[in-house]
Every structure is written in C-alpha cells, then in structure tokens.
Amino acid sequence: MIRLILFFIVLILASFAAVWMADNDGVIAVQWLGWHIETTVSVVLVAATVLYLVLIGLVELFFLVLGLPRRLRQRSALAHHDKALIAIADGFSAVAVGDGERAERAANNVNRLLGDKPVALLMQAQAAGLQGNSAKSQKHYTALLEHKGTEFAALRGLLTVAQEKGDIHEAISLAEQAFALQPTSLEVGVGLLRLYKQTGRYADAQLFLEKQGKRLGKIGNGKTAVIDVSQEKAQVYTARARHLLFTQGSISGDNVLSDAVQQSIGWLESALKLTPDFVPALQTAVPLWLKLERKRKATAALEKAWKVQAHPVISALYMTLDSTADKPSGGKQDLKRAKKLYALQPDSVEGARVLAAAALQVDNITLARQRALQALSGAKTAAIYRLMADIASCEGEEAEVEDWDMRAQYAPSGAGWQCKECGSHYAQWDVVCGSCGAVSSIAWTEQAEATDGTEDGPLPLADKGGEEEDTKKSTNIGIES
Ligand SMILES: [Zn+2]
C-alpha cells in the first residue's frame, strides 16, 4: 500500500517535472569527432534514463549467467542428498526387519552416494551381520572404530560378532572397552558381568559388581531393576569361595585354617549378609563352620535362612548340626532339633516332614502321623509318600503300606538343583550349567505331583472301593508323567 502511494507520488512528481521541462526546455548541441548532434534537454534526459535502465539490466543479466553453474550444482547436490537420505532410511528399515539383502543394496547405494562415511560403514556391517557374513561384518565394524563418535557402535557390533563366533575372551575384552567408553550402557554392563561369570572370572565379576553394582542395580527406565545386585553378589561370592576351596584343596585334614578356607568363609559370610537365605552359600558354609567348631554361627545362619525360606536343604543342614565326625546324631537328639526347627516355622510342610521323620525314629507314631499328614497337604513327593508308608508299616497297616508305596513309585522324586535351560540335574548349585553353558540357570526345583484338588487324608482301610479308586489315581498319574 505504502509502495503504491510512493509510486503515485513519484509518478506525479515525474509528470510535474515533465511539464516543467516542456515549459523550460532548451537546446543542447554536441560537436565531437566530426559528429554534430543538436537536440533538446528533455530528449537527453529521457535517453540518459533509458541508458541507465539498460545498463542495470545488463549487469543483472551478467551476474545471473555467472551464478548459473553454482545454482545448478546446488540443485544437483540437493537431489543427491535426498537420494542418500532415502537410501539410509531404506537401509535401516531393512535392518530393523532383518532383511540382509535389501540392507546390503541400500548400504551400497549410501556408499556410492556418500562415500566411506560412518553411516555407510555401519549399514554395511549390519547388512553383512544379517547375512551371516561375520568376516565382512567384522571388517566394516573395525573400519568404523577409526571414526570419532561411532567407536561405541563399532565395539558393540564387534562384540556381537565375537559372541556369535564363540570367542568369549575377545567378547570380554570388547565389552570392557565398550563399557569403559559408555558406562551408562546397562545392557553392555550386564552382558559383561554374565561373560565374567561364564568364564569363571569371579574376581573380575566381584570387582565389577562392587564398582558398578549401584549403577547396574539402578531402576532401569524408571520401572524394572536391571539386575538384583544382592543376588548377583551372593552368587559371585559363593562361586568364588567354592572355586577357591575346590582348587586349594578340600576342607578335610590339616588345612582347616588355611588362608583359602578363611578367605572362602569370608566371601560366604558376605554372600549371606546380602541374601541370608542363599542356599548354595549355606550348603558350602555350614560344613566349614562345623569344621572350625563354629556351631553357633552355623545354627544362627540356618535359623535366619529358615525363617525366610523353609528350604529342604536348610532343614537337612540343620539336622546335621549335632553330628560329629566320630558320632552321627540320632534318636532323641534329632527329635529335639526337629522340634526346634518346626517351632520356627509351624506352617511349613517341610518342617512338618522333618519332624515326622524324627518322631518316627524314636517310635513316636502319633506325632509322626500327625506331622506327616500336615506335610502331605503340601508338595506330593515320593519322599513324603515313603514316610507315610513307613509310618503305616510301624502301625502294622499292610494294605496302607502297599498303597503309599504305589504312590511313591509314581510320584516325582526329582527335588534338587536343575538347569532351567536344558533340564540337567546337579547335586550342587553352580553359576554355569556344565551341560549347556547357560549362566545363572541352575535353581532348586521341587518336582511334585500336580495337585488335583482331592484331599489326601488317611486311606480308608479294608475298603475295596477306596482301594480301587486310589489304584486308578496312581495309574492316571503314571500316564500323566
Ligand atoms: Zn543347562
């Protein structure tokens, strides 16, 4: 609007000037190199204006022509850039869906468009990895190590390649470098800890947990804890103690007070301080404490653990507390101890089973049956059926004995340490499964009959119908298992 007004003002001024010039026109005459020009001042002014405008136009045109190649180059570069971006997007989406061939094509495009840029190398490495070409993948990741800012991605990639190739020592070295570079990468940290455990490098695992445990145990993304640090430490301390005891000689003989034993006990006590009911630590520590005549320590630790978890290994260890090398405990002493254990956890079926067994030893059949029935309300294992059979036998109930024996025969008896990955059974807990190599996969399993909802009361004696029913039940169980 303002421009329009200005334009009109200029126009009016120009027309005034033109009118004024028409009224006050004069004559200009030029005599130059034999030329003679005579004209009015108005014509000269108009000619000068036209010449000025033409010159401006020519100058603009000159610069326009001069800048053309650069603009063309810019346009071509933009098109190139767009193509590269499309190829990058295509490549990474191919990687995301695991399409190695498409990723490789896209990677080659990116490489052609951008040259040996980190993004092209990364895509080429991932494409090769997807196609199972670990040598090529390794080559590209190694090249990527040279670029600043992509070192971590390169180490992560090389770590994956090393693990795929089963080169565990190389994997540890790469994971250590990657974690040192980016200590916030919890995934790498947890992976490194697993590798330490897998290779039996418990000292490194322990040091790592002591230094980084706080960070790793931090609540990941605000919701779930990355790892249970106390549990991890308990595992590593226990594994380290057991490894040392295994390599430095057993606990028997004169080496009871050896440095290795002292050191091992220290680690086991650390494990139990963190996780009082960590059964593998108790299983190793209790015999050591008894050797060192620290029965009170062993008793207190077992009672503390039992209150957290009424575990059959804990009760078994508790029942050995009164035994010595020369004289195994038994009879009334066992009953007293079993009663003490039972009183600590009166609702525990395992405590009831132990007390029933101890009562049976001293022929206290009433107590034995009472507690055995309580135990029977829990896990239906072969052990509890055998105990029922023994009680019935003491009572002279032959038909009942037969029935419990039958049940025991079909009941699962596999309580013990088992690998969750491959199902292998072990007499002792370990960090690594010797069968399949899985880490932290061995756990206590209590195999028991599936509860079918029927009550296992005392069997009706000399009742044909009842017997038939029970036989049928046993057969069914046999088929199921
Ligand atoms: Zn296994």
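Predicted model: local features only at pLDDT ≥ 70, side-chain atom pairs only at ≥ 80, totals over all residues.

Me: At what angle do helix α4 and helix α5 pack, and how far apart are their axes?

Reply: Helix α4, residues 118-130, packs against helix α5, residues 134-145, at about 155°, and the axes lie 8 Å apart. Angles over 145 degrees count as roughly antiparallel, and therefore α4 is roughly antiparallel to α5.

Me: Which residues make that contact?

Reply: From α4 the contributors are P118, L121, L122, Q124, A125, A128 and G129, and from α5 they are K136, S137, H140, Y141, A143 and L144. By class, the contact of α4 with α5 comprises 8 nonpolar, 4 polar and 1 charged residues.

Me: Why do residues three or four places apart point the same way in an α-helix?

Reply: An α-helix has 3.6 residues a turn, so positions separated by three or four places point the same way. For a case to inspect, consider α7 and α8: I168, A171, I172, A175, E176, A178 and F179 of α7 meet V188, G189, G191, L192, L195 and Q198 of α8. This contact of α7 with α8 has 9 nonpolar, 3 polar and 1 charged residues.

Me: How do the axes of α7 and α8 cross?

Reply: The axes of helix α7 (residues 168-181) and α8 come within 9 Å and cross at roughly 145°. Here α7 passes α8 in a left-handed crossing.

Me: What length should helix α1 span, and how many of its residues are buried?

Reply: At 1.5 Å a residue, the 22 residues of helix α1 (residues 2-23) should span 32 Å, and the end C-alpha atoms are 31 Å apart, which agrees. Helix α1 is hardly covered, with a buried count of 0 among its 22 residues.

Me: Which residues of α10 are buried, and what covers them?

Reply: Helix α10 (residues 229-247) has 19 residues and reaches 27 Å between its first and last C-alpha, close to the 27 Å expected. Its buried residues are E232, K233, A234, Q235, V236, Y237, T238, A239, R240, A241, R242 and L245. The elements covering these buried residues of α10 include α8 (186-198), α9 (202-216), α11 (259-274) and α12 (279-291).

Me: How many helices and strands does the chain have, and what share of its residues is buried?

Reply: The chain has 20 helices and 7 strands, and buried residues make up 30% of its 481 residues.

Terms used. Residues numbered from 1 in each chain as written. Axes fitted to C-alpha atoms, helices over the stretch in contact; angles between N-to-C directions. Helix = DSSP H or I, 4+ residues; strand = E, 2+ residues; numbered from the N terminus. Parallel < 35°, antiparallel > 145°, perpendicular 65-115°, else oblique. Contact = placed C-beta atoms within 7 Å. Nonpolar A, V, L, I, M, F, W, Y, C, P; charged D, E, K, R; others polar. Expected span 1.5 Å × (residues − 1). Buried ≥ 20, exposed ≤ 12 C-beta atoms within 10 Å, placed from the backbone. Left-handed = near helix turned anticlockwise from the far one by under 90°.
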